[in-house]
Amino acid sequence: MNTIKTILIADDSHVVLKLLIHKLNKAGYKILTSADGKEALHYFDGRAVDLVITDLNMPVMDGLTLIHSVRSIERYQYVPIVLFTSDEINDKRSFIRGSGATIGLNKNEVQTKLTSIVKRMIG
Amino acid sequence: MESLKPKYREQALELIAEIEKSLLRDEEDTNRSAVVEQMFRAMHTLKGNSAMFGFRKIEDLTHHLESIYDLVRTYKLTITDTISNLTLASLDHLSVLLDDENLSNPKTKKDHDHLMHRIVACATALKNEHVPAVLSGTKTFHIFFAPDEDLLAKGFDPIFLFSELYTLGPCQITARLNKIPVLEDYENNICYTAWDIVLTTASDAETLKDIFSFLHDRCVLEITAETGTSTPRVDHTVADAHIVEPVVDRSRGIISGIRVPSERLDRLMNMVSELMTVQAKLSVLAEQNPTQELQAVAESFEKLSFHLRDNAFEMCLVPIEYIMVPFQRLVRDLSREFRFSFWNNVILAALVSMPETSMNKQSNPPPLQHDVRFPWQRLLMESISKPFRKQEFSHKHLWGRVFSPDLAHIVTSRLF
């Protein structure tokens with residue numbers, strides 16, 4: 001049985017949110033959005049969240065705190081998380097490992113790769 | 001050559017047991033491709049050995065079985081109930097053939113003809129259904145994929161990635177399990193598994209690399225292409241990577257185990273128990289005659305005896321798989337016959353009551369193996385090594401542990 005997968009996106013940029021919603025809706029996913037980490041945390045109330053895509057820098061609560069909070073909720077501790085990164089990070093490998101995210105994704109790859117990556121992660 | 005025939009028989013029985021074990025494991029669908037490969041290899045070895053020792057009928061029968069399983073391992077066929085039943089019937093018959101290769105018993109001859117007819121018909125029908133597809137312009141790639149050890153705990157599931165690879169062409173994925181530690185060192189949030197993937201596809205290496213690119217800093221990835229076009233085929237050196245040879249450490253050239261007939265082990269256990277009695281007498285004597293020299297000797301003798309007893313006991317423990325296989329087969333046959341799904345419970349109840357010696361009567365003498373790999377194996381072995389009398393294994397005995405006297409009766413009547 002194929003159920004519609006739910007993706008939660010946390011990003012304070014309206015343009016980025018619009019782009020992601022457009023691409024992922026088109027691919028058949030259900031989207032939840034939030035402008036910061038704290039708002040995103042409200043969605044972890046028992047409902048199904050199959051993937052989280054989060055920006056690193058956000059007001060109120062940043063991406064790293066959001067990831068840490070999600071991993072500490074028993075029900076959601078194994079949810080795959082994509083963290084948007086930038087080229088400024090030197091050792092990306094250890095940064096991603098330390099962040100608790102599943103993978104890091106450069107924002108400039110969103111346009112071309114996001115849908116296929118999401119598909120490879122949650123089907 | 002004649003003098004080597006007993007050795008051939010012994011190995012053939014082991015191979016038959018291995019195939020049966022693999023088949024029953026395949027039905028539980030764990031690591032399927034590796035299990036089928038193992039089964040195929042065992043059949044191949046049995047066929048080769050039989051040819052060498054002149055067991056033509058065994059060679060012939062195994063050859064037809066092997067051709068069916070060649071279709072299975074190359075993903076042109078899945079194991080159906082018909083194939084499973086045919087295989088198990090063949091394995092039973094192979095064991096009979098080992099003692100009656102010339103079919104001197106009329107019943108064996110009749111069974112043999114009937115079985116051969118069924119196998120040949122099945123193999124021919126399946127082969128005709130699955131004429132190998134011609135794959136032009138394809139390349140075979142060997143991909144080694146080892147995710148970071150924390151990646152699965154962070155929500156990554158490789159199944160979707162593998163599903164995509166399957167869409168590109170015939171693909172065989174084998175898990176490398178050699179890094180999985182013993183149970184006490186096992187951490188459930190760590191991924192110890194890596195995968196070897198053999199993919200025949202029209203896509204190029206760049207496309208394959210691109211599929212894994214989102215994990216580029218989260219895994220070890222090696223993609224190598226075979227030169228020239230080819231049909232899908234498993235490279236055995238890759239498929240063999242996770243197979244553990246339990247007896248001989250080939251890399252070091254050291255023999256870590258020997259084969260000893262179980263009767264000798266029984267004799268050893270008897271002698272050890274007699275020795276323990278003598279030791280107890282000696283200790284009493286030493287207490288009654290407290291001379292320093294005698295007490296020192298008694299103490300040393302006691303220590304040595306205990307070591308010897310523990311050592312002998314460890315040697316006589318049988319690897320758990322030799323116990324499980326006959327029971328798995330019993331579970332399978334009964335559940336098929338009566339369409340019950342809870343036979344595992346019945347058999348587990350039986351297992352905790354069975355001593356090692358009665359297991360030996362159920363199966364062929366197992367090779368001596370010194371390693372009991374996991375603590376739970378040892379616990380189980382110890383729990384089943386308590387004294388046992390047949391009448392204790394009654395309906396009532398099982399009733400307390402399982403479901404109904406009727407079921408217990410069926411199990412006990414099949415076992416003894």
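User: In strand 4 of chain A, which residue is the bridge partner of Val52(A)?

Analyst: In this predicted model, strand 3 of chain A, residues 51-54, and strand 4 of chain A run parallel and are joined by 3 bridges. Within strand 4 of chain A, the residue that partners Val52(A) in a bridge is Ile81(A).

User: Is Ser69(A) buried or exposed?

Analyst: Ser69(A) belongs to helix 3 of chain A, which spans residues 63-71, and, leaving aside residues up to four places away in sequence, Ser69(A) touches Leu41(A) and Met61(A). Its relative accessibility is 16%, and the cut-off for this class is under 20%. Ser69(A) therefore counts as buried.

User: What area is buried between chain A and chain B?

Analyst: The size of an interface is often expressed as the accessible area that is lost when the parts come together. Here the contact draws 22 residues from chain A and 22 residues from chain B. Carbon and sulfur atoms give 50% of the buried area, which comes to about 1,700 Å².

User: Which three residues supply more of the area that chain A buries against chain B than any other three?

Analyst: On the side of chain A, where 22 residues take part in the contact, a share of 42% of the area buried against chain B is supplied by three residues.

User: Which residue of chain B meets the side chain of Arg120(A) in a salt bridge?

Analyst: Between chain A and chain B there are 3 salt bridges, and the count of residue pairs in polar contact, with both residues at pLDDT 80 or more, is 6. In one of the salt bridges, at 2.7 Å from N to O, the side chain of Arg120(A) meets that of Glu164(B).

User: Which helix of chain A gives the most residues to the side that touches chain B?

Analyst: Helix 4 (92-99) and helix 5 (110-122) of chain A each supply at least two residues of the side that touches chain B. The residues on that side of chain A divide into 10 nonpolar, 4 polar and 8 charged. With 6 residues, the helix of chain A that gives the most is helix 5.

Conventions
Residues numbered from 1 in each chain as written. Chains lettered and ligands numbered in written order. Predicted model: local features only at pLDDT ≥ 70, side-chain atom pairs only at ≥ 80, totals over all residues. Heavy atoms only, no water. Contact = heavy atoms within 4.5 Å. Buried area = accessible area lost by both parts, 1.4 Å probe. Salt bridge = Lys/Arg side-chain N within 4 Å of Asp/Glu carboxyl O. Polar contact = N/O pair within 3.5 Å; in protein donor to acceptor, adjacent residues only side chain to side chain. Helix = DSSP H or I, 4+ residues; strand = E, 2+ residues; numbered from the N terminus. Nonpolar A, V, L, I, M, F, W, Y, C, P; charged D, E, K, R; others polar. Pairing = 2+ DSSP bridges. Buried < 20%, exposed > 50% of the residue type's maximum accessible area, 1.4 Å probe, protein only.
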